[in-house]
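Take a look at the sequence and the model first, and then follow the points one by one.

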Amino acid sequence: MAMEKTQAKAKKSHWTADDSAALFGIRDWSLNYFDISEQGDVIAHVDCNGKPVSVSLLDIVEGIKERGLDMPVVLRIENLLDQRIKTLNEAFATAIKNSDYQNHYRGVFPIKVNQQCHVIEEIANYGAKYHHGLEAGSKAELIIALSQLQDHNSLIICNGYKDAAFVDLGLYARQMGIPCFFVLETLAELPIIIERSKVLGIEPLVGVRIRLASMVEGHWNEDSGDRSIFGLSTNALLTVIEQLKQANMLHCLQMLHCHLGSQIPNIRNIRSGVLEACQFYAGLVEEGAPMGYLDLGGGLAVDYEGTQTNSTHSMNYKLDEYCSNIIETLKESFDPLGIAHPVIVSESGRALVAYSSMLLFNILDVRDHKPGNIPDSLPEDSLDQLVNLYAVMQNIQSNNLQECYNDSLYYRDEVRELFHRGQASLRERARAENINLAVLKRIAELLPQAKRISPELEDLPELLSDIYYGNFSLFQSLPDIWALDQVFPVMPIHRLNEEPTRNAVIADITCDCDGKVDHFSSQGTISRTLKLHPLCENEEYYLGVFLVGAYQETLGDLHNLFGDTNVVSVHINEDGSFDFVREFQGDSIADVLSYVEYDPKIMQEQFRRIAEKAVRDGKISVAMRQKMLLAFRENLQGSTYFER
Ligand SMILES: Cc1ncc(COP(=O)(O)O)c(C=O)c1O
């Protein structure tokens with residue numbers, strides 16, 4: 001890798017924090033939780049007991065380093081999680097009040113969205129005042145919910161496939177007065193619930209998850225529609241009613257559950273899904289089920305792009321609109337039928353936790369695409385192809401860009417062909433590649449003046465962009481970028497009153513060509529490159545990937561054996577100070593090796609034997625052996641990431 005580090009910072013000149021704010025769209029995607037200070041640092045804005053407080057992320061990074069933790073770090077800001085819980089609950093409360101809706105809202109957080117202990121503890125503790133509950137999709141998640149929720153007005157919703165042991169746990173919760181619902185995903189679950197209920201003598205709270213025909217836009221549209229793998233068909237719903245009646249348990253059926261999909265970008269889809277759910281609810285009331293709860297699942301989106309549109313990673317509505325649309329639809333559906341308003345339940349995951357976590361990492365190196373040295377003139381005996389290529393370079397103008405592009409690639413390839421056949425030297429090939437690169441650079445510079453730009457010329461800025469190597473693993477920390485082409489806001493967290501002059505893509509430190517970030521939301525469009533600052537000598541350059549609190553930590557994997565990053569949770573105080581409420585050391589190399597079933601002790605012993613044999617064979621001294629064993633042991637205890 002060629003290292004490019006400028007000695008001096010880029011000129012501050014006219015560039016301001018506001019320019020950076022516009023470039024990186026921070027005021028569009030951050031819901032005002034983040035902004036840029038006059039000093040050019042990203043700041044988190046939080047509400048401390050009604051008082052607005054701002055803290056620079058760079059100050060937090062300094063604090064993290066002082067405590068001996070290295071990058072990369074997942075930083076959680078506890079206040080932001082609390083604020084999201086408050087905002088969601090209060091938005092529903094306001095919509096309920098405004099529409100004179102005759103029941104209340106109960107939120108439940110789906111544990112799968114972020115299972116980390118601190119996140120769940122905070123939701124359980126802070127959420128208690130709103131009776132915010134938890135959704136469990138497995139036995140392990142139910143065990144989390146049962147141990148964390150202290151407030152017994154908060155719901156536990158059990159989705160997913162439930163065996164007898166799962167059902168028994170939920171029934172015990174019921175007996176202790178915890179409102180724990182079993183939501184039937186399949187018909188096969190009902191006989192188990194009925195049988196265990198009879199054996200233990202505890203009545204269950206039953207919900208039915210229905211398969212809505214309403215389809216949604218966005219990536220997760222297969223959670224609804226006829227081919228959805230989740231939920232009961234209309235016919236299966238009737239079978240549930242019959243089986244419950246036969247068991248004298250129809251009175252246990254109290255909840256209708258549906259989930260249209262995650263990250264629904266278009267409010268119209270939500271409205272029509274809710275309308276359909278209301279008709280199912282009314283149908284169940286007509287069948288004699290007592291009902292009382294309508295659970296609308298997740299789907300409330302996060303505007304990762306900040307474009308406020310119905311594109312996949314955005315949303316064309318605001319939280320207030322989401323709540324009022326739901327409440328209005330329920331009222332419009334139930335009032336004419338004289339059906340009592342149900343408790344509204346929603347399982348918002350990403351909208352609750354995305355904002356509070358960010359991935360922070362340092363840039364290790366930059367590879368630019370600068371052409372090497374090009375002479376003022378070519379030697380007399382140069383290859384014809386080189387001479388022609390040189391002429392192309394000298395003739396570029398805004399009205400012949402495509403022609404120069406075509407010719408440049410043609411002559412460069414001719415020289416490469418000659419090299420293949422042994423008719424051009426290494427130096428001639430290097431010269432051809434250098435001149436071609438200079439041509440492409442010049443074309444890219446002149447593109448804004450061109451009248452028409454072909455798709456291949458359009459791709460040039462990305463092709464010629466710098467590669468910034470970041471100290472993180474995409475597969476561990478940002479898996480949805482790899483799996484779903486998810487767009488997250490990415491930007492430097494400092495130097496934002498300097499103009500970022502480099503066009504860059506970001507590569508991680510795995511050895512995988514998929515380990516890169518090359519889609520960025522910028523000024524209302526998706527750009528293939530991100531504007532970044534040149535590195536400064538002896539100074540770290542930190543980037544932040546924002547809104548990563550949902551799904552990323554949970555779905556990350558061990559590609560190339562890069563493990564969990566360090567995680568730090570801070571709580572910001574009224575006076576602008578912050579407490580490090582949690583610090584988790586990321587995985588050591590020994591940890592990740594044991595995940596893939598190596599025994600670090602045995603590995604040490606095997607390495608010891610190799611070193612001992614090397615001593616016997618006279619290849620190393622005993623002192624050297626000791627040094628090597630120590631290095632081996634220290635590495636096992638060290639971080640899987642790059643350490644300075
Ligand atoms: C049943 C259920 N509820 C809630 C959620 C959370 O969705 P979101 O994160 O979009 O709020 C999901 C996720 O897909 C889900 O499957």
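1. Let's begin with a helix. In α3, which covers residues 57–66, the buried residues are Leu57, Leu58, Ile60, Val61, Gly63 and Ile64. Please keep in mind throughout that this is a predicted model.

2. At its start, an oxygen in the side chain of Ser56 comes within 3.1 Å of the backbone nitrogen of Leu58. After the helix comes Gly68, which has a positive phi, near 85°.

3. Now step back to the whole chain. The protein chain has 644 residues, and 55% of them count as buried. Its secondary structure amounts to 23 helices and 25 strands.

4. Next, look for the barrel. Eight strands form a closed barrel with parallel pairing, in the order β6-β7-β8-β9-β10-β11-β12-β13. On average, neighbouring strands of this sheet are turned by 25° against each other, direction ignored.

5. Strand β6 (residues 105–110) runs parallel to strand β7 (residues 133–136), and three bridges link them. If you select Phe109, you will find that its bridge partner in β7 is Leu134.

6. The ligand deserves a careful visit. Its surroundings consist of 14 residues, and the closest are Lys112, Ser262, Glu347, Gly349 and Tyr551. By type, the shell around the ligand divides into two nonpolar, eight polar and four charged residues.

7. Which side chains have an N or O atom 3.2 Å or 2.7 Å from an oxygen atom of the ligand? The 3.2 Å distance belongs to His259, and the 2.7 Å distance to Tyr551. Glu347 has a polar side-chain atom 2.6 Å from a nitrogen atom of the ligand. As for cover, the ligand taken alone exposes 400 Å², of which the protein buries 94%.

8. What does β15 pair with? Strand β14 (residues 357–367) pairs with β15 in the antiparallel sense, over four bridges; here Asp365 has Tyr469 in β15 as its bridge partner. Strand β17 (residues 502–507) runs parallel to β15 and is joined to it by four bridges. In that pairing, Tyr468 has Ile506 in β17 as its bridge partner.

9. Finally, consider a residue in a loop. Gln585 sits between β25 (578–584) and α21 (589–595). Is Gln585 buried or exposed? Its relative accessibility is 65%, so Gln585 counts as exposed, the cut-off for exposed being over 50%.

10. Gln585 and Lys627 are 42 residues apart along the chain, and their C-alpha atoms are separated by 26 Å.

Methods
Residues numbered from 1 in each chain as written. Predicted model: local features only at pLDDT ≥ 70, side-chain atom pairs only at ≥ 80, totals over all residues. Heavy atoms only, no water. Pairing = 2+ DSSP bridges. Helix = DSSP H or I, 4+ residues; strand = E, 2+ residues; numbered from the N terminus. Axes fitted to C-alpha atoms, helices over the stretch in contact; angles between N-to-C directions. Near = heavy atom within 4 Å. Polar contact = N/O pair within 3.5 Å; in protein donor to acceptor, adjacent residues only side chain to side chain. Areas by Shrake-Rupley, 256 points an atom, 1.4 Å probe, with all protein chains shown as cover. Nonpolar A, V, L, I, M, F, W, Y, C, P; charged D, E, K, R; others polar. Buried < 20%, exposed > 50% of the residue type's maximum accessible area, 1.4 Å probe, protein only.
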